[in-house]
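Open the model in your viewer and keep the selection tool at hand. We will go stop by stop.

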Amino acid sequence: MKIIILGGDGFCGWATSLHLAARGHDVTIVDNLVRRRADEELGVQSLTPIRELTERLEAWRETGNRPIAFEEMDVAKDYDALEALFRRIGPDAIVHFAEQRAAPYSMKSPWHKRYTVDNNVNATSAVLCAMVEACPDAHLVHLGTMGVYGYGKTKGMMIPEGYIDATLRSGGAEANVEILYPVDPGSIYHMTKTLDQLLFLYYAKNDGLRVTDLHQGIVWGTSTPETELDERLVNRFDYDGDYGTVLNRFLAQAAIGHPLTVHGTGGQTRAFIHIRDTVRCIELAIGSGPARGERVKIMNQMTETHRVRDLAQMISDKTGVPVELMENPRKEAPENELVVANDSLLKLGLDPTKLSQGLLDEVVNVAGRYADRIDTGRIVCSSRWVRPEPVQPPLAAE
């Protein structure tokens, strides 16, 4: 198949690009390299040393696998170039990672909030519009997030895969309908993913585009069989408070003996998936898309759920590093339940990678190998969901 990977230089995009190319697909990466510039902005670096993309691609070619092409482009801004690329390649599938992916980053400042909305929504809009004009039969696979569902309101009810049966009542009449599961985004980043859902719904209904939306859990791990072929192919490992995902942050902290920083009570239950399963899920989704004219296919891309404090204790028991509770910078419930349906990917053949399978040791070893690259001043999240009220000066005595 001819596959375009939008955002193929990022954490999930790079591993997916290698995975699909290793299976004989013609892969083209489209990226504006903005994730690398975010490192410069934040004054932090990936725990693992990331080579320039041209060097990465040359290292991949030297493995003897099918080469990967690269087009430097801003998907959110360079519409004409994007449409022209779609016409020239005529892709069978487009995998859409080209969005700012971090909730804390999206909440850092008014600029970061506006940038996240501008980039993410405009990128998705441009991709869909260009598909209508240039490759209407292609299959779009989008990496969404479990965060569109929100946390805490289900009270243990299983979250379905995207849709729910509902009864609407108004004016004394009622109608039974199937609707998108009610959204409850917890950050600007998560909000952009909920807006994506509406764009997908419209273009599938109006133009018959084939769309699969993968609501993914928190990714942990860093290595896949392909990234291990050559040191120059190593994937990102973000440990900082803006881009580091919670389990990877714990493992990096443990590698240097830094207390495992848990926000609030740690009672937040989240869905998790290993990066090896992420790339496999993308492959399975590409091969099982809806037909033209069918509704958007939504699949929950996760393998297990855990409370944050339980993960921290698991790592603490393993490494001897203590757990430290910190003020929660997010606006969220201190405790929540999370039960998630993921039948679709399991039926397609996903063999889930669980935390108990020893890959924690692998990640600890990676973190330990590059521990000298950790900047401890970047570990704690500094982004706040709610701005503190300004302190009013005392009234002058009359």
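Between which two strands does the loop with Gly-264 lie? Select strand S11 (260-263) and strand S12 (269-274): Gly-264 is in the loop between them. Before going on, note that this is a predicted model, in which local features need pLDDT of at least 70, side-chain atom pairs count only at pLDDT 80 or more, and totals for chains, interfaces and linings use all residues. Residues are numbered from 1 along each chain as its sequence is written, and side-chain values use heavy atoms, with hydrogens and water left out. Helices (H or I, at least four residues) and strands (E, at least two) are DSSP runs, numbered from the N terminus.

**Stop 1: Gly-264**

Gly-264 counts as partly exposed, at 24% relative accessibility. The scale is this: buried is under 20% relative accessible area, exposed is over 50%, and partly exposed is in between (1.4 Å probe, protein chains only). Now show what Gly-264 touches: Leu-325, Met-326, Glu-327 and Asn-328, not counting residues up to four places away in sequence. Contact means heavy atoms within 4.5 Å.

**Stop 2: Leu-33**

Move to the loop between strand S2 (26-31) and helix H2 (34-42), where Leu-33 lies. Check its backbone: Leu-33 is not a glycine, yet has a positive phi of about 65°. Most residues other than glycine have a negative phi. Leu-33 counts as buried, at 18% relative accessibility.

**Stop 3: two lysines**

Select Lys-108, in the loop between helix H5 (103-106) and helix H6 (110-134). Its relative accessible area is 22%, so Lys-108 is partly exposed. Leaving aside neighbours within four places in sequence, Lys-108 contacts Leu-42, Asp-242, Ser-382, Ser-383 and Arg-387. Trp-385 is 277 residues from Lys-108 in sequence, but 8.1 Å away in space, C-alpha to C-alpha.

Next, pick Lys-193 in helix H7 (residues 188-207). Is Lys-193 buried or exposed? Lys-193 counts as buried, with 5% relative accessibility.

**Stop 4: H1 against H3**

Show helix H1 (residues 11-22) with helix H3 (residues 53-62): they pack at an angle of about 25°, their axes 12 Å apart. That angle makes H1 roughly parallel to H3. Angles under 35 degrees count as roughly parallel, over 145 as roughly antiparallel, 65 to 115 as roughly perpendicular and the rest as oblique. Axes are lines fitted to C-alpha atoms, for helices over the stretch in contact, and angles run from 0 to 180 degrees between N-to-C directions. Trp-14, Leu-18, Ala-21 and Ala-22 of H1 make the contact with Leu-53, Arg-56, Leu-57 and Trp-60 of H3.

**Stop 5: H4 against H6**

Bring up helix H4 (residues 79-89) beside H6: their axes come within 9 Å and cross at roughly 45°. H4 and H6 are therefore oblique to each other. On the H4 side, color Tyr-79, Leu-82, Glu-83, Phe-86 and Arg-87. They meet Ala-126, Val-127, Cys-129, Ala-130, Met-131, Glu-133 and Ala-134 in H6.

**Stop 6: H9**

Finish at helix H9 (residues 275-286). Here 10 of the 12 residues are buried, so H9 is largely enclosed by the rest of the structure. Among the buried ones are Ile-275, Asp-277, Cys-281 and Glu-283.

Conventions
Expected span 1.5 Å × (residues − 1).
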